[in-house]
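Have a look at the picture first, then read on.

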Amino acid sequence: MAKAAAKKAAPGKGAPQASKEELLRFYREMLLIRRFEERAGQLYGMGLIGGFCHLYIGQEAVAVGLQATFKQGDQVITGYRDHGHMLAAGMDPKEVMAELTGRIGGSSKGKGGSMHMFDVATGFYGGHGIVGAQVPLGAGLAFANKYRGTDNVSFTYFGDGAANQGQVYEAFNMAQLWKLPVIFIIENNQYAMGTSIERSSATTDLSQRGASFGIPGEQVDGMDVLAVRDAAERAVARARAGEGPFILEVKTYRYRGHSMSDPAKYRTKEEVDEVKKTRDPIEHVKMLLDRAGATEADLKPIEDEVKVIVAEAVQFAQESPEPDPSELYTDVYQEA
Amino acid sequence: MTDILMPALSPTMEEGTLTKWHIKAGDTVKAGDVIAEIETDKATMEVEAVDEGEVAEILVAEGSEGVKVNTPIARLKGEGGGAAPAPQQAAPQASGDPEKTAPEAAAPEPEGEGPAPVTPKAELKDPEVPAGAKLVKTTVRDALRDAMAEEMRRDESVFLMGEEVAQYQGAYKVSRELLQEFGDRRVVDTPITEYGFAGLGVGASMAGLKPIVEFMTFNFAMQAIDHIINSAAKTLYMSGGQIRCPIVFRGPNGAAARVAAQHSQDYSAWYAQIPGLKVIAPYDAADAKGLLKAAIRDPNPVVFLEHEMMYGVEFDVPDVEDWIVPIGKAKVRREGGDVTITAHSRMVGLALKAAEELAAQGIEAEVVDLRTLRPLDHETILESVKKTNRLVSVEEGWGPMGVGAEICARVVEHAFDYLDAPPLRVHQEDVPMPYAANLEALSLPSVEKIVQAVKKVTYVQD
């Protein structure tokens with residue numbers, strides 16, 4: 001897994017550092033998510049993807065920055081806006097796209113769909129459709145790490161909407177009580193479907209939602225992949241050392257609607273355009289790359305590679321057959 | 001050249017109005033640019049470019065109504081090289097019409113029991129009790145405790161969590177002395193937080209541990225039912241077989257004494273409806289022990305329904321190593337040729353008493369202890385009904401949509417011609433559990449109610 005080569009960023013106010021190679025890797029991973037999601041949106045438009053489809057466009061720096069601190073044996077778990085996390089975790093884009101189209105080549109053989117994908121090999125534990133349910137589940141993954149005496153960490157993602165679910169606080173309580181190695185990552189994209197955080201939350205500094213349990217937290221600029229990575233490194237090091245959970249409230253923004261059928265009338269076009277223009281996480285990495293001396297000759301091969309990966313995923317997702325009818329009754333029970 | 005197609009922007013959209021173009025021939029677009037506005041059946045939405053290139057031609061004019069999904073609306077000169085090919089239409093259906101998504105090829109026909117995978121495959125048999133094996137008088141409570149202790153000794157990954165399971169030694173003393181033997185790493189007192197610790201347990205099981213989650217009673221598990229069903233029961237399927245949840249949810253279920261509506265409810269039918277769960281409701285101590293051991297070893301999520309009023313009751317338990325009773329096998333507790341009585345959990349005792357009374361009146365009842373509700377051993381039930389030609393089902397829960405309703409349906413479906421009388425159900429009256437002693441008794445099934453039901457199906461006048 002992509003363990004950040006990084007020397008630790010200087011503590012305090014210093015700007016986070018990264019090598020050119022590292023920045024190129026972040027650029028590639030984030031671009032892959034964006035191009036993949038754009039294509040998923042298109043396939044949805046063609047009727048190849050059905051039901052609900054929640055795109056990650058705009059939030060790429062969050063999953064990519066966090067994943068840089070992942071090591072073998074760690075776990076990632078999230079809600080239903082999950083394609084970005086799966087790609088960042090290293091799942092095969094073909095299998096992810098084929099799951100979106102409901103084909104046998106999908107990671108769940110077409111039985112899970114956009115919101116329900118898993119991959120034990122990369123430590124990705126879903127993909128959960130019930131808002132907030134992944135939070136106690138993620139604490140449970142951390143419980144297993146502690147039970148086994150490993151220093152592995154559970155990366156448990158949820159949104160600003162889920163942050164108001166009661167079970168989140170049940171999980172916070174147990175996580176701190178038992179000092180579980182879990183990072184609670186609140187991806188605050190400012191809208192719980194159509195309800196802005198100001199309209200849904202009595203307190204809007206979500207990093208402090210663990211205060212009554214004694215869980216420390218911090219706010220992070222989720223449009224800056226290095227800021228995310230650095231905050232993650234601090235939280236993860238703490239958890240690996242047995243000091244318990246940490247809350248990262250990562251301030252981000254989704255460009256698209258909540259799901260494909262959401263016209264996003266609850267925010268202005270100007271608001272969205274402003275973020276795209278001034279805070280885009282991929283443009284940010286490009287700026288850092290420019291500073292690090294990278295040129296078009298460094299970026300173009302990556303862009304071409306990503307294009308091919310996504311095109312192949314799309315092709316696979318269309319050519320892979322639908323599951324055989326006999327699959328209807330498989331995987332209901334595990335044989336003893 | 002790459003065609004831009006009219007997109008479906010909601011699960012139900014089949015056509016829409018192309019209200020506005022933001023591009024014209026000759027423009028260069030790149031991925032993410034807003035190129036058009038489209039009015040769907042729900043709202044007006046912006047369409048972004050996915051492909052890059054120069055706009056060669058606008059094919060559908062601004063203002064066009066009723067443009068079918070997937071109609072080419074514009075054409076791009078591709079940029080060549082590594083450009084992604086436009087996806088070809090290969091979907092089995094163009095729109096998200098769920099009616100059309102049903103597989104046309106016939107799905108494998110499930111055998112009577114329902115979904116094929118829950119039908120017990122091999123012949124399931126209770127373990128033989130070797131000649132000379134000692135029978136030890138054991139309470140159901142201690143049998144459950146012994147089962148957990150034996151499995152925890154056998155498998156490091158098994159642990160118990162729940163409210164008051166450790167230091168308090170169990171609210172009903174089922175976990176007595178487990179803390180002393182296994183320590184607080186494996187016998188974990190939780191806060192009063194059913195939703196949270198059920199979810200935490202499921203997460204731990206996804207990571208490969210084998211949690212036993214004790215609910216102080218199943219009444220409180222209603223707060224956790226989302227994790228039991230959505231997180232535990234469905235995950236193997238949703239993951240295409242990748243993620244198992246080997247977890248046992250156990251605790252007392254059904255009516256306790258004089259605790260009224262919120263603390264007296266039988267959830268058998270609730271859980272027994274869920275594919276992906278196994279549901280067990282034992283009656284005596286030997287089954288409690290053997291089935292709990294089987295449940296802990298099972299790789300699937302198991303709901304294990306105990307009964308508070310049975311905890312202190314003693315039964316013989318064979319003193320053999322590794323007493324395991326197979327999940328999915330009913331047990332004929334009493335043989336008889338005149339009527340079949342099905343029951344589970346505490347109701348088995350009432351059915352047996354009723355059978356004794358009936359025998360004194362010349363009616364021989366066969367009592368089938370269901371033991372497992374999912375997968376339901378309907379072969380044993382059918383075999384019995386085919387012999388007796390009459391059926392009375394007994395359950396502590398409500399009748400409508402209940403366990404008895406399911407048994408009656410299966411018997412009617414598979415043994416209709418054998419029936420000499422309409423099957424009858426004995427169950428809790430269709431009211432919340434009352435507190436007053438007399439009303440509580442009236443509400444619950446009783447030996448007398450079972451006797452009366454049997455007389456009705458055997459056409460015996462009082």
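## What the record says about chain A

Let's start with an annotation. UniProt, in an unreviewed entry, places the feature "domain: Dehydrogenase E1 component" at residues 29-325 of chain A. UniProt positions are given here in the numbering used for this model, with feature names shortened, and such annotations may be inferred rather than shown by experiment. The two end C-alpha atoms of residues 29-325 of chain A sit 36 Å apart, and the span is 45% helix and 12% strand. Helices (H or I, at least four residues) and strands (E, at least two) are DSSP runs, numbered from the N terminus.

## Ground rules

This is a predicted model: local features need pLDDT of at least 70, side-chain atom pairs count only at pLDDT 80 or more, and totals for chains, interfaces and linings use all residues. Residues are numbered from 1 along each chain as its sequence is written, while chains are lettered from A and ligands numbered from 1 in the order in which they are written.

## Where the chains touch

How many residues of chain A are in contact with chain B? There are 59 of them, and they meet 73 residues of chain B; contact here is a pair of C-beta atoms, placed from the backbone, within 7 Å. On the chain A side, the elements giving two or more residues are α1 (20-45), α5 (134-148), α6 (166-177) and α11 (296-319). The largest share, nine residues, comes from α5(A).

By type, that side of chain A divides into 29 nonpolar, 20 polar and 10 charged residues. Nonpolar covers Ala, Val, Leu, Ile, Met, Phe, Trp, Tyr, Cys and Pro; charged covers Asp, Glu, Lys and Arg; the others, Gly among them, are polar.

## Chain B, piece by piece

Chain B splits into domain 1 (2-81), domain 2 (132-318) and domain 3 (331-457), with bounds from an automatic or database domain assignment. The C-alpha centres of domains 1 and 3 of chain B lie 64 Å apart.

Now for some strands. In chain B, β2 (residues 15-21) and β4 (residues 34-39) run antiparallel, joined by four bridges; strands pair if DSSP finds at least two bridges between them. Leu18(B) has Ile38(B) as its bridge partner. Five bridges join β4(B) to the antiparallel β5 (residues 44-48) of chain B, and a hairpin through four residues links β4(B) to β5(B). There, Ala36(B) partners Val47(B).

## One residue up close

Gln180(B) belongs to helix α2 (residues 178-182) of chain B. Is Gln180(B) buried or exposed? Gln180(B) is exposed because it has 10 other C-beta atoms within 10 Å; the cut-offs are 20 or more for buried, 12 or fewer for exposed, and partly exposed in between, with C-beta atoms placed from the backbone.

Technical notes:
Two residues are in contact if their C-beta atoms, placed from the backbone, lie within 7 Å.
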